[in-house]
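Hello,

Here is the structure I promised to pass on to you. Please open it next to this message, and my notes follow below.

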Amino acid sequence: MMTVRICAGSSCHLRGTYQIIEVFKRIIEEQALQNQVELKGCFCMGRCTDGVNMEIDGRALTGIKPEEAADVFQREVIDPLKERPAS
Ligand code: FES
């Protein structure tokens, strides 16, 4: 299971957290990844000026924009999942 935590603090929220979560949710549904990816909102990560901030399995990503959310999800979640040995 891969854990994706997205900052839902006010600064990141203004920069598009909600839209990013919607894109991620849609892809998770379309690709039936519900058992492989856990999506969580979280409180301010303390890097507000760099938002939108998120962590994928503890790895910090900053400055994510809604319009690049699908690419980020592909690169940071789907590609690494494919490389993992099937469990
Ligand atoms: S609001 Fe997202 S890091 Fe502070």
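Glu29 is exposed, at 60% relative accessibility (exposed means over 50% relative accessible area, buried under 20%, and partly exposed in between, with a 1.4 Å probe and protein chains only). Glu29 sits in helix H2, and its C-alpha atom is separated by 16 Å from that of Asp79, 50 residues apart along the chain.

Before you read further: this is a predicted model, in which local features need pLDDT of at least 70 and side-chain atom pairs count only at pLDDT 80 or more, while totals for chains, interfaces and linings use all residues. Residues are numbered from 1 along each chain as its sequence is written, and side-chain values use heavy atoms, with hydrogens and water left out.

Now the overall layout. The chain has 3 helices and 4 strands (DSSP runs numbered from the N terminus, with helices being H or I of at least four residues and strands E of at least two). Read from the N terminus, their order is β-α-α-β-β-β-α. The radius of gyration is 12 Å, close to the 12 Å that the globule rule gives for 87 residues, so the chain is as compact as a globular protein of that length (the radius is taken over C-alpha atoms, and the rule is 2.2 Å times the number of residues to the power 0.38). Along the principal axes, the C-alpha atoms fill a box of roughly 40 × 20 × 15 Å. Of the 87 residues, 38% count as buried. Among contacts between residues at least 6 apart in sequence, 67% join residues at least 24 apart (a contact means heavy atoms within 4.5 Å).

What holds the middle of my notes together is the core. The largest nonpolar core has 25 residues (such a core is a set of buried Ala, Val, Leu, Ile, Met, Phe, Trp, Tyr and Cys residues joined through side-chain atoms within 4.5 Å). Strand E1 (2-7), helix H2 (17-30), strand E2 (37-42), strand E3 (54-56) and helix H3 (69-83) each supply at least two of its residues, and the largest share, 6 residues, comes from H3. Ile20, Phe24, Val37, Met54, Phe73 and Val77 have the most contacts inside this core. Not counting residues up to four places away in sequence, Ile20 touches Ile6, Val52, Met54, Ile64, Lys65, Pro66 and Ala69.

Which residues does Glu55 contact, leaving aside its neighbours within four places in sequence? They are Thr3, Val4, Arg5, Met45, Arg47 and Ala60. Glu55 lies in strand E3 and counts as buried, at 18% relative accessibility.

A few backbone details are worth a look on your screen. Most residues other than glycine have a negative phi, and most peptide bonds are trans. The peptide bond from Gly51 to Val52, however, is cis, with omega near 5°, and Val52 is in the loop between E2 and E3. Ala32, in the loop between H2 and E2, has a positive phi of about 50° and is exposed, with a relative accessible area of 53%. Asp57 has a positive phi too, near 50°; this residue is in the loop between E3 and strand E4 (59-61) and counts as partly exposed, at 40% relative accessibility.

Happy browsing!
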